[in-house]
Amino acid sequence: MAIVGESGCGKSVTALSIMRLLGKNSRIDHGNIVLDGTNLLELNEKQMQEIRGNRISMIFQEPMTSLNPVFTIGYQMIEAIQLHTDQDKKQASASAIEMLKKVGLPRPERIMKDYPFALSGGMRQRVMIAMALACKPKVLIADEPTTALDVTVQAQIIRLMKELCAEVGTAIILITHDLGVVAEIADRVLVMYAGQVVEETDVFTLFDRPGHPYTQGLLRSVLHLDADKDARLVSIPGSVPTMYQSLKGCRFHNRCSYATEHCLSHPPTLEATQQGHWTRCWEVEAAASSERQSGGGVSS
Amino acid sequence: MLNYVIRRILIAIPVLFGVTIINFIIMRMAPGSPIDMLVSPKLPAAAIEAKKVELGLNSPVYVQYYHWLKNLVLHGDLGYSMITYESVTKMIWSHMGPTVLLMGTSLILGVAIAIPLGVLSATRQYSKLDYTAMTGSFLGISVPSFFLGLGLIYIFSLQLHWLPSSGMTVLGGSGGVVDVLRHMILPVIVLTASVAGRNVRYVRSSMLEIMGQEYLRTARAKGLREFLVVNRHAMRNALIPIVTVLGMEIPILFGGAVVIEQIFSWPGIGQLTLSSIMSRDYSTIMGLNLVAAFVVILANLLTDVLYALVDPRIKYSYQGAAKS
Ligand SMILES: Nc1ncnc2c1ncn2[C@@H]1O[C@H](COP(=O)(O)OP(=O)(O)OP(=O)(O)O)[C@@H](O)[C@H]1O
Ligand code: SF4
Ligand SMILES: [Mg+2]
């Protein structure tokens, strides 16, 4: 599952909500977060600690600051493992080395004794992945895990996550800006805009028949190798509104070319347009047909 | 690390040398001399002259300094007091104990209060506890210690008669542990208040800065209890800047000893310093000066070593430097 959407649309907030790690200044207003039939919002803090790092793990955007600078990698790995298993120090250390090996780090025994400052960004992100997967979680939330890394490393990390998760049996929620990555590893895609899900569908439908005007715009703004050389890169005019609550109608209306009077005052709901395809838009029909006329979606 | 410590100690030698020279010069430029204390001005000039020769004060300043230094380096001897004729080394040693006892207790207590209180204040920013701690700290910093000391003496010694107002033991008493403890209470309160007051704020702001760090989110995402997130992951990082300030406390306390020991007639280094300055006891002042410089240098060194202990990045840079 991938979550896409432009900067500031609430992707990280969604991820942190699932972990119930939002700060003191925020709260989850309504809705449910369900994992294997348990509503996480009904758990107390102690039960939630049992879930974190054990059944849901998370990797963050910024590998340079995500590891504690004053503890060794080994210490931080062992701590994570011992929190959720009853292995003693030695066993935990062996499991940690095992995991570091799996994420492709050279000389894992040495790295166990290293402090984070001795590792590069890519290596740290591998350590984060190793740590996150150490307890074989059900779900791994990766919040833009490669944004801060250089391009060659990005591809390696994404592939590594995909392989390891398949091996351990972990579902990935990948938050990203990169539609190329989405095309490569996602099964289902959730498109977010201004704090809301505006479209949810499988990856093929997304690229072939995007329903929401925002998704269409997002896809059109991607540069293609096979594009004419005089084709222009399209951008969606305007930017994400900041004060979500003050908006009455559709949150996208100020940037939408299909917007009607109705959109201005009535917030659309997320409706199933087809089997497994939800869209939050009053004018799905119009948008979809015009999209088809203009040459359809983007093949990838 | 060891290399680094040795290097630092070697660097300290010329510093100590410089400090003593400067002190020697300043002392001689100050008006008055030990002669004024020892000899009645009514005596004939010849008698005064004889006393001067006896104390070696008639030769030029640099010759005197040379003699002093030679004695120190060759014999490890700081000479004799010009007033009491006691050995300076012995005097300093006997006054050192009470000062270390007083300062050490206050430093430990002050830190033991400042760290937990600062951490609590930071984790509950803008709570009642935070405001109370910050007000207390503000008072601790801004109320001068002589004022607090006199206030405490007034209340607990003069009005309530609970605690002794001065000295370290009851005159002619047994000098047992309880006796000393009773005498320590008031001066320790005064010193602890200022140590805690200065440092609570520091711990708080240092913790607040750390509390926003992303690695704490990682620790929480692992499923770590909030208590450990704060007291293990955040604290270890906050400790880095805190250690630096704590190292500075030692010289501050040492300097403050002069005032506190005077108020409470505590028989320590501070009192010895003041009385030897009053009587222009050159040789004792020089000895005390050397000790003070030594304490400052040692405190700095201690800070650096602690710094390296709590911050692995520093430790590695030392090792790197030692290798190259
Ligand atoms: N559901 C929501 N309710 C209220 N405010 C929200 C919601 N979602 C997001 N926000 C606000 O939007 C801000 C940005 O959200 P967030 O950090 O999740 O964006 P992002 O999509 O992760 O952006 P980036 O791609 O830059 O990481 C948040 O700080 C928050 O104030
Ligand atoms: S509801 Fe209206 S404004 Fe919103 S996306 Fe659909 S057409 Fe555009
Ligand atoms: Mg984000």
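## Surface of chain B

Accessible areas come from the Shrake-Rupley method with a 1.4 Å probe. On that basis, the predicted model gives chain B an accessible surface of about 16800 Å². Carbon and sulfur atoms hold 71% of that surface.

How much of chain B is buried? Of its 324 residues, 42% are in this class.

## Helices and overall dimensions

Let's turn to the fold. Which elements make up chain B, helices or strands? The chain has 13 helices and zero strands, so its pattern, read along the sequence, is α-α-α-α-α-α-α-α-α-α-α-α-α.

If you follow the C-alpha trace of chain B along its principal axes, you will find that it spans about 85 × 65 × 35 Å.

## Contacts along the chain

Now consider which parts of the sequence meet.

## Charges

Chain B carries 24 positive and 15 negative charges.

## Cysteines in chain A

A:Cys250 has a relative accessible area of 12%, and A:Cys281 has a relative accessibility of 14%. Why do both count as buried? Buried means under 20% relative accessible area, and because 12% for A:Cys250 and 14% for A:Cys281 fall under that cut-off, each one qualifies.

How many disulfides does the whole structure contain? A search over all chains finds zero.

Notes:
Residues numbered from 1 in each chain as written. Chains lettered and ligands numbered in written order. Predicted model: local features only at pLDDT ≥ 70, side-chain atom pairs only at ≥ 80, totals over all residues. Heavy atoms only, no water. Disulfide = S-S within 2.5 Å. Buried < 20%, exposed > 50% of the residue type's maximum accessible area, 1.4 Å probe, protein only. Helix = DSSP H or I, 4+ residues; strand = E, 2+ residues; numbered from the N terminus. Lys, Arg positive; Asp, Glu negative; His and termini not counted. Charge placed at Lys NZ, Arg CZ, Asp CG, Glu CD.
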